[in-house]
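Work through the exercises below with the sequence and the model side by side. Try each task before reading its solution.

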Amino acid sequence: MKLPAIWRRSLYHYLGIFLGVVIIDTIIFLLLVNYEGQTQFSNPVDALYWVITTTTTVGYGDIVLTSPIGKFFTIFVELSGVVMVFGILITFVITPWFEKALNMPLPTKAPDSFSSHIIICGYNRLMETLIDELEEQKVNFIIIEDNEEILRSLIEKKLPCIYGKATDDETLENARVGNARFLIANRSDEENASIVLAASSLADVHIIAVAEDSANIKYLKYAGANRVVSPKLVLGRFLGKKALDPYVMGLGGATTFLDKYSIVELPVYPASQLVGKSFNEANIHKKTGANIIGVRKEGKLFLKVEDEEIIKENTVLLATGTMEHLSELKDLTK
């Protein structure tokens, strides 16, 4: 069973702390047995043996610290052992196993009542703003995703989704492509081409393809896409605008894509409530509806934004969303 990445990082961190505590306890034990005159146990093997049996609360009683300070140390090791050992077992072994055993099968078919809906093939940050808008407008949509971890996160968010490869005819039919208003192909360019071909052969549906490489736009159109959008091309045009007019600030320098959605740079001012918070703590998407897709620091643009990264004065946020979402974000940056 593969643990989620965040759980694996926590497990490694936890094990590192546990190993450090064992080493410290072993050293203290060696000092105490020498203090008590039990020199026969003053060796690494007996020390590690005592620490492990005491930490796991087994305690066979063949090695015992008899001084008051030794007894207090024994109590401390026992209590900390209960937290550390059983904390690891319950959190990273037992709980995931039960969750795996109790998880219901992943959904693979859209409700039969779905019609005039939007099919989104592939979930990422680019689609978050669109999905928020669809929910606000009460437009039916279904997400096709073949990554189980991502799909389970979508289920937790109560977003309509199905498990499967969007390149497969059966998956598209399960998404009721024949009754869909339009379909968005949001995978790799190669997969998008296959999705476009499969969808156009199954139904007369309006298809929008998202191109990673602007050089592939014409091929996706040849495959049958009614419209092709390239985020990199949009970003390039936006950065070109900034290069020609680097002093354009606020929403006046916004570049529009996907009709109502725009991309804009917003500087974070010293008095902003965002300063000093991590992106996770700032919770910008929930507060404004806008998505942060990059940051500019010291004149350099970074398109990968970590949740733990701290927002500082004069950080420039590269954000996407509707003009309303971006206006709310602009207010937060002041």
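The model is predicted, so local features are taken at pLDDT of at least 70 and side-chain atom pairs only at pLDDT 80 or more, while totals for chains, interfaces and linings use all residues. Residues are numbered from 1 along each chain as its sequence is written, and side-chain values use heavy atoms, with hydrogens and water left out.

**Exercise 1. State how many helices and strands the protein has, and what share of its residues is buried.**

Start with the DSSP runs, where a helix (H or I) needs at least four residues and a strand (E) at least two, numbered from the N terminus. The protein has 12 helices and 11 strands. Next, apply the burial cut-offs, by which buried means under 20% relative accessible area, exposed over 50%, and partly exposed in between, with a 1.4 Å probe and protein chains only. Of the 334 residues, 43% count as buried.

**Exercise 2. Give the strand order of the open sheet.**

Strands pair if DSSP finds at least two bridges between them. By this criterion, 6 strands form an open sheet in the order E3-E2-E1-E4-E5-E6, with parallel pairing. Its edge strands are E3 (161–163) and E6 (227–229), each of which pairs on one side only. At the E6 end, 3 bridges join E5 (residues 206–210) to E6, and Val210 has Val229 in E6 as its bridge partner. Helix H7 (residues 189–202) packs on the sheet, touching E1 (118–121), E4 (182–185) and E5, and its direction makes about 175 degrees with that of E5; here contact means heavy atoms within 4.5 Å, and axes are lines fitted to C-alpha atoms, for helices over the stretch in contact, with angles from 0 to 180 degrees between N-to-C directions.

**Exercise 3. Decide whether strand E11 is enclosed or open to solvent.**

Count first: 6 of the 6 residues of E11 (residues 316–321) are buried, so the strand is largely enclosed by the rest of the structure. Then separate the faces: Val316, Leu318 and Thr320 lie on one side, with Leu317, Ala319 and Gly321 on the other, and all are buried. Finally, 5 bridges join E9 (residues 291–297) to E11 in an antiparallel arrangement, in which Asn291 has Thr320 as its bridge partner.

**Exercise 4. Which kind of aromatic pair do Trp50 and Phe73 form, and which kind do Tyr219 and Tyr222 form?**

Rings of Phe, Tyr and Trp (its six-membered ring) pair if their centres lie within 6.5 Å, and planes under 30 degrees apart count as stacked, over 60 as edge-to-face and the rest as tilted. The structure holds 3 aromatic pairs. Trp50 and Phe73, at 5.6 Å centre to centre and 15 degrees between the planes, are stacked. Trp50 lies in H2 and Phe73 in helix H3 (residues 68–102), so this pair ties together parts 23 residues apart in sequence. Tyr219 and Tyr222, at 6.4 Å and 80 degrees, are edge-to-face, and both lie in helix H8 (residues 217–223).
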